[in-house]
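Subject: Handing over a structure, with notes

Dear colleague,

I am passing this structure on to you, and my notes on it follow below. Please have the structure open while you read them.

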Amino acid sequence: MASPVRPTISMDSQRLPPTLNADLLRVLFLRVASPSDLVRASAACIDFCRLIADPSFLRRYRSLHLPLLFGSISTRGLDPVTAPHPNTAVARDFAPTVDFSFRHLPCYASIFDIRDGCILFGLIDFEKKRSLRDLAVCNPLSRAYHLVPPIPDDLLASFHFQEHNIIDFETFLAPSCDVEETSFRVIGCVLGKTRMVVFIFSSGSDRWSVGTSTSWDALSLDEPQNPDVLHSLHHAYGCFYWKVNQRDKSIKLDMNTMKLSTHDIPPYRDKDVKENIVIVEAGDGKLAMFSQNKGARLNCYTFSQDGRKKGGEGHIRERSSGQKTVQNGRKLSRF
């Protein structure tokens, strides 16, 4: 009787499966059809989170899958969406994966601005009291940060700026043209006794440059005597708007033309709440300004971007059901 033939085992079948390196993981994650499952995968470990949060990966993934809204970033951290939003459960799982302790920053820092998923910090050195602080731009998903140096002294000197004659310094992030853009720009506005100068830092060149400059006379404004000159920075239609303190005017910075100009805004009835405003896009190229008085009534005004054409005044009141109603003349809308 012939002996049974033993099966032969090739060396290839004895090899262990290849290590799941970054390239293989990217291929696997790109095949995850549900963005909610991808979020849960990013919560598994830091390496997965960094890979999935990488802008180049997100660009490829979003070309194949529609993105989900998880919430918004504020000074409190991540504010996840809540019920009845369909992404509530996913947002709840995603929130713990975002680090808002920022213990990895080189020193104590305060939040200056939040935009396009990035956070601009001012680094605080208690031994050096300077008007122009070192800055850092941080991505809370990847936990990576980019240090932004102060504006160079020679660039400030070209406008005769020194530490003693700088009235105020305001800095914020420029809006990104692409949500997955890896580079960023920081705007630094230096307010002096005679003029206002806008400097721009680009992460691509890692340098500051001059954006625009104008005198207070050209803006038809008095020379500032204290730091309380501009308040309530808002962004709409690619432009930034500041409310001028104690004036029914705003300063507009057009990011396309890099020009500074002043425009009239609707006047207040209650002079005690002049700075308590919000300027937003109202559609059809118009702006809307919300203000709130001491009686908690929210007023709404519409006006054109140049401040010349003003619309009606609306009053927002809240019903007992929690539904808000905007009344403007004979028009009534709810939201």
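Contact here means heavy atoms within 4.5 Å. This is a predicted model, in which local features need pLDDT of at least 70 and side-chain atom pairs count only at pLDDT 80 or more, while totals for chains, interfaces and linings use all residues. Residues are numbered from 1 along each chain as its sequence is written, and side-chain values use heavy atoms, with hydrogens and water left out.

On confidence, pLDDT (the predictor's confidence in each residue, from 0 to 100) averages 79 over the chain, and 77% of the residues score at least 70. With helices (H or I, at least four residues) and strands (E, at least two) taken as DSSP runs numbered from the N terminus, the mean is highest in strand β9 (residues 195–202), at 96, and lowest in strand β20 (residues 331–334), at 30. Residues 11–16 stay under 50 and have one contact beyond four places in sequence, whereas residues 316–335, also below 50, have 36 contacts beyond near neighbours in sequence.

Turning to aromatic rings, a search of the whole structure finds nine aromatic pairs; rings of Phe, Tyr and Trp (its six-membered ring) pair if their centres lie within 6.5 Å, and planes under 30 degrees apart count as stacked, over 60 as edge-to-face and the rest as tilted. One of them joins Phe29 and Phe48, whose ring centres are 5.3 Å apart with the planes at 75°, so this pair is edge-to-face. It links distant parts of the chain, since Phe29 belongs to helix α2 (residues 22–30) and Phe48 to helix α4 (residues 46–53), 19 residues apart. Phe29, at 7% relative accessibility, is buried (under 20% relative accessible area, with exposed over 50% and partly exposed in between, using a 1.4 Å probe and protein chains only), while Phe48, at 24%, is partly exposed.

Finally, Asp113 in strand β3 (residues 109–115) is buried, with a relative accessible area of 12%. Leaving aside neighbours within four places in sequence, Asp113 is in contact with Cys118, Ile119, Leu120, Phe172 and Leu173, and a polar atom of the Asp113 side chain lies 2.8 Å from the backbone nitrogen of Leu173.

With best wishes

Conventions:
A polar contact is a pair of N or O atoms within 3.5 Å; within protein, one must be able to donate a hydrogen and the other to accept it, and residues adjacent in sequence count only if both atoms are side-chain atoms.
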